[in-house]
Amino acid sequence: MRMDRVLKRVESMAGEAVEFLRKLTSIPTINPPGANYRPCAEFLGEQLRDFGYDVEFIAPEPERVNVIGRMGTARPTLHFNGHIDVVPAGHGWTVDPFCGVVRDGKIFGRGTTDQKAGIAASIFAIEAIRREGVRLHGSIEQSGTVDEESGGFAGMAYLAEQGYVSRGRTDFVVITEPLNVDRICLGHRGVYWFEVKTLGRIAHGSMPFLGVNAIGKMSDFIGEIEHKLKPALGRRITAMPVEPPEARHPCININSISGGQPGTIQTQCVVDHCEAILDRRFILEEPFEEVRGEIAEILDSMARRDPEFQYELRDLMIVQPVLASADSNLVATLGGAVRDVLGTNPPLIASPGTYDQKHVMRLGHVDQCVAYGPGILHMAHQPDEYCRIDHLVDAAKVMALAAMRLCGI
Ligand SMILES: [Zn+2]
């Protein structure tokens with residue numbers, strides 16, 4: 001009965017949640033570079049304070065401000081986390097990306113789906129419980145963190161390292177990323193970003209036989225990637241339930257390549273250096289040392305075959321893959337809540353990309369961590385990004401039910 005009342009209360013608070021999300025969206029927390037984190041964290045902190053939380057701001061750097069709200073101290077502790085940064089708006093919008101336009105049952109704006117609607121959902125889910133006068137035995141934490149779109153190092157990674165989100169104090173973590181309102185995400189693949197530089201020898205452009213062209217050497221390397229590594233990766237497959245299924249194969253993407261004369265300025269030179277940045281996504285079955293070793297071996301064997309092939313390999317970012325157990329209390333409870341609210345059995349999936357779950361599990365050592373939130377995955381980072389209001393409300397209901405069952409009432 002009390003749970004039914006709370007779900008009704010979530011529905012009656014929809015207008016308030018939409019208004020909150022509109023305000024949150026109108027703070028352009030664009031990353032890069034990471035703008036307006038402080039006003040956004042302060043806005044969130046104020047809302048949390050109004051809703052009965054003790055609020056703390058945690059800033060590893062002056063303008064990289066995270067916020068945590070805490071309600072209660074008893075265990076278990078259920079922690080909801082959402083990132084406050086959004087990617088740049090980009091082109092192709094038909095509405096102002098930072099106005100929070102509401103139309104046709106949708107809230108439009110950069111970051112609505114990814115993932116300010118998730119922040120709104122978890123805050124209003126718990127507020128509905130409080131307004132119904134239902135007391136939770138455990139405690140609730142809500143955090144808004146920075147820099148997820150650029151690796152989360154000053155955000156969730158910092159919170160996990162410093163013990164704010166850690167096994168010693170946190171039992172369950174729900175990251176409110178948009179993976180569709182009827183699915184639960186158990187984890188994500190790994191990322192290896194790296195730079196390869198090929199080194200040539202400068203010479204007069206009219207006598208290229210006196211030099212070594214670094215772009216030519218880079219194209220040899222790219223050839224190895226395209227024609228040998230890519231097919232090999234396509235033959236590997238993970239047992240992780242990654243969606244879409246094409247992403248169950250590991251993959252590699254050439255992000256950029258640069259070398260030679262700048263623009264249209266003619267230089268009569270043989271190019272002596274060329275840089276490429278590559279993005280390798282790997283699966284749980286591939287240890288990182290092997291992923292990196294495979295690239296190093298391709299470069300090494302090219303150098304053995306071709307004495308003029310000189311290169312440098314530099315790591316840019318390493319993200320380990322993670323996958324939470326499907327048999328946990330958290331997954332069972334969230335799954336039950338999705339069934340009760342939506343009437344469907346939620347598929348358990350894994351993300352082809354990455355998000356802050358790695359920090360919670362690998363640095364904070366909290367095993368029961370998943371992603372669940374409103375918003376449609378393929379809307380993330382698109383022009384005219386929106387979140388449906390019914391998804392926002394449904395996700396809040398699922399979170400409210402799960403919170404009552406996990407914490408006890
Ligand atoms: Zn996100």
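A120 is in contact with A17, F20, L21, L24 and L392, leaving aside its neighbours within four places in sequence. The model is predicted. A120 is also among the residues with the most contacts inside the largest nonpolar core. The chain is divided into two parts, domain 1 (2-188 + 322-407) and domain 2 (190-319).

**The nonpolar core**

- The largest nonpolar core has 106 residues.
- Those with the most contacts inside this core are A120, V370, L392, A396, A400 and A403.
- Helix α10 (residues 389-407) gives the largest share of the core, 14 residues.
- Domain 1 and domain 2 both give residues to the core, so the core lies between them.
- In soluble globular proteins, nonpolar side chains tend to be buried together.

**Helices α2 and α10**

- Two packed helices are described by the angle between their axes and the distance between the axes.
- Helix α2 (residues 14-25) and α10 pack at an angle of about 110 degrees.
- Their axes are 10 Å apart.
- The angle makes α2 roughly perpendicular to α10, because angles of 65 to 115 degrees count as roughly perpendicular.
- From α2, the contact is made by A14, A17, V18 and L21.
- From α10, the contact is made by I389, L392, V393 and A396.
- By class, this contact has eight nonpolar residues, no polar residues and no charged residues.

- The C-alpha centres of domain 1 and domain 2 lie 37 Å apart.
- Nine residues from domain 1 and nine residues from domain 2 make the contact between them.
- On the side of domain 1 that touches domain 2, the largest share, three residues, comes from β14.
- The residues on that side of domain 1 divide into five nonpolar, three polar and one charged.

**T344 and its surroundings**

- T344 lies in the loop between α8 (329-342) and β14 (348-351).
- T344 counts as exposed because it has 10 C-beta neighbours inside 10 Å, and the cut-off for exposed is 12 or fewer.
- Leaving aside its neighbours within four places in sequence, T344 is in contact with D182 and R339.
- T344 and A371 are 27 residues apart along the chain.
- The C-alpha atoms of T344 and A371 are separated by 18 Å.

Note on methods. Residues numbered from 1 in each chain as written. Predicted model: local features only at pLDDT ≥ 70, side-chain atom pairs only at ≥ 80, totals over all residues. Core = buried A, V, L, I, M, F, W, Y, C linked by C-beta atoms within 7 Å. Buried ≥ 20, exposed ≤ 12 C-beta atoms within 10 Å, placed from the backbone. Helix = DSSP H or I, 4+ residues; strand = E, 2+ residues; numbered from the N terminus. Domains from an automatic or database assignment. Contact = placed C-beta atoms within 7 Å. Axes fitted to C-alpha atoms, helices over the stretch in contact; angles between N-to-C directions. Parallel < 35°, antiparallel > 145°, perpendicular 65-115°, else oblique. Nonpolar A, V, L, I, M, F, W, Y, C, P; charged D, E, K, R; others polar.
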